[in-house]
Amino acid sequence: MDIQVGNTVRCKANGNMEADFSGVIEKVYENSALVNITDYDAKTDSMNIQDLQNKAVISFSKMKLVSAK
C-alpha cells in the first residue's frame, strides 16, 4: 500500500476509538501514519475524539486507502 501525506484513509476501530473512522494522512512513519480524523461515529467516539485532539497514529495494517492526493 502506497500511503502518502494528504491521502484519505478508512481506519479500523482501535484502543482509542470504538468505531471505524476516516481521516487524512498528516505524517508517515515506518509502519504507521499520523491520521487527522475527519469522519467518526459521534455517538460512540465524541469524548474520544476530544481526548485525541482529532489525531491518532494508526498501523498501515489497520487502514485502507480511500483516495489518493
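## Salt bridges, core and a buried asparagine

The structure, which is a predicted model, holds 2 salt bridges. In one of them the side chains of Asp 39 and Arg 10 meet, with an N to O distance of 4.0 Å. Because Asp 39 lies in strand β3 and Arg 10 in strand β1, this pair ties together parts that are 29 residues apart in sequence. The other brings together the side chains of Lys 55 and Glu 26, with 2.9 Å from N to O. Here Lys 55 belongs to strand β4 and Glu 26 to strand β2, so this pair, too, links parts that lie 29 residues apart in sequence.

How exposed are the residues that form these bridges? Asp 39 counts as partly exposed, and Arg 10 is partly exposed; Lys 55 is likewise partly exposed, as is Glu 26. Their relative accessible areas are set out below.

| Residue | Relative accessible area |
|---|---|
| Asp 39 | 43% |
| Arg 10 | 32% |
| Lys 55 | 33% |
| Glu 26 | 36% |

The largest nonpolar core has 13 residues, of which Val 9, Cys 11, Ile 25, Val 35, Ile 58 and Met 63 touch the most other members. At least two residues of this core come from each of the strands β1 (8–11), β2 (21–28), β3 (32–39) and β4 (55–59), and β3 gives the most, with 3 residues.

Which residues does Val 35 contact, once its neighbours within four places in sequence are left aside? The set comprises Val 9, Cys 11, Gly 23, Val 24, Ile 25, Asn 54, Lys 55, Ala 56, Ile 58 and Met 63. Among these partners of Val 35 are Val 9, Cys 11, Ile 25, Ile 58 and Met 63, which are also named with Val 35 as the core residues that touch the most other members. Lys 55, another contact of Val 35, is the residue whose side chain meets that of Glu 26 in a salt bridge.

Asn 7 lies in the segment before β1. Is this asparagine, Asn 7, buried or exposed? With a relative accessible area of 2%, Asn 7 is buried, because the cut-off for that class is under 20%. Apart from its neighbours within four places in sequence, Asn 7 is in contact with Asp 2, Gly 23, Val 24, Ile 25, Leu 65, Ser 67, Ala 68 and Lys 69.

Key:
Residues numbered from 1 in each chain as written. Predicted model: local features only at pLDDT ≥ 70, side-chain atom pairs only at ≥ 80, totals over all residues. Heavy atoms only, no water. Core = buried A, V, L, I, M, F, W, Y, C linked by side-chain atoms within 4.5 Å. Buried < 20%, exposed > 50% of the residue type's maximum accessible area, 1.4 Å probe, protein only. Helix = DSSP H or I, 4+ residues; strand = E, 2+ residues; numbered from the N terminus. Contact = heavy atoms within 4.5 Å.
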